[in-house]
Amino acid sequence: MDDQGRGFGPRPEGGAAPLGPAPADPLPYEGVWRFTAPAVEASVPQARHAVRDLLRRQGVPVSDDLAQGLLLIVSELVTNAVKHAAVLSPTVAVELAVGADWLRVSVEDNHPYRPTALETDHGRTGGRGLLLVREITREAGGVCEVDHTASGGKVIWAALPLKPARYA
């Protein structure tokens, strides 16, 4: 995977507000990292490992449950891009943005089709990846969306709180 580097001041995009107030000074683990990879099956575990290693290297205070959910989201989104967008998008981009009390992962490709989450169909063996992503995100207290890019492709993202969701 090609690491495009680190940026500052991450915020969830797509109209979503940050999941909490930003501190005056960034914490050591805050930043934005972007990886690009070919739209091939081998990129799925590479993207998952890159995100996992980045969380560890930066010391992001993420619970084991949230980390596992995030890695499943990365796997599902990259798999979808490889399976459904590779014909028009020879590469995919994975971005991880981390704030003081939230994180956002996104997968971008150049295919214009915007997928929708399919309902459960027990007769099918696949096709529910986006539904799974939405459920993991919802259970964590986060937000998941699909947006168009300026280049005519799409970006699918999930923003998750670093603190456990509170249930009333």
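Arg104 is buried, at 2% relative accessibility; buried here means under 20% relative accessible area, exposed means over 50%, and partly exposed is in between, with a 1.4 Å probe and protein chains only. This is a predicted model, so local features need pLDDT of at least 70 and side-chain atom pairs count only at pLDDT 80 or more, while totals for chains, interfaces and linings use all residues. Residues are numbered from 1 along each chain as its sequence is written, and side-chain values use heavy atoms, with hydrogens and water left out.

What does Arg104 pair with? Its partner in a salt bridge is Glu95, with the closest N and O atoms 3.9 Å apart. By salt bridge I mean a side-chain nitrogen of Lys or Arg within 4 Å of a carboxyl oxygen of Asp or Glu. Glu95 is also buried, with a relative accessible area of 14%.

The next pair is Arg34 and Glu108, where the closest N and O atoms are 3.1 Å apart. Helices (H or I, at least four residues) and strands (E, at least two) are DSSP runs, numbered from the N terminus. Arg34 is partly exposed at 25% relative accessibility, and Glu108 is partly exposed at 22%. Arg34, Glu95, Arg104 and Glu108 are linked in a network of salt bridges.

The structure holds six salt bridges. Another one of them joins Arg138 and Glu135, at 2.7 Å from N to O. These two are three residues apart in helix α3 (residues 129–139), so about one helical turn separates them. Glu135 is partly exposed, with a relative accessible area of 31%.

Now the core. The largest nonpolar core has 37 residues; such a core is a set of buried Ala, Val, Leu, Ile, Met, Phe, Trp, Tyr and Cys residues joined through side-chain atoms within 4.5 Å. Which element gives the most to this core? That is α2, with nine residues. Among the residues with the most contacts inside the core are Val51, Leu70, Ile73 and Val105.

Take Ile73. Leaving aside neighbours within four places in sequence, Ile73 is in contact (heavy atoms within 4.5 Å) with Val105, Val133, Ile136, Thr137, Ala158 and Leu160.

That is what I have; questions now, please.
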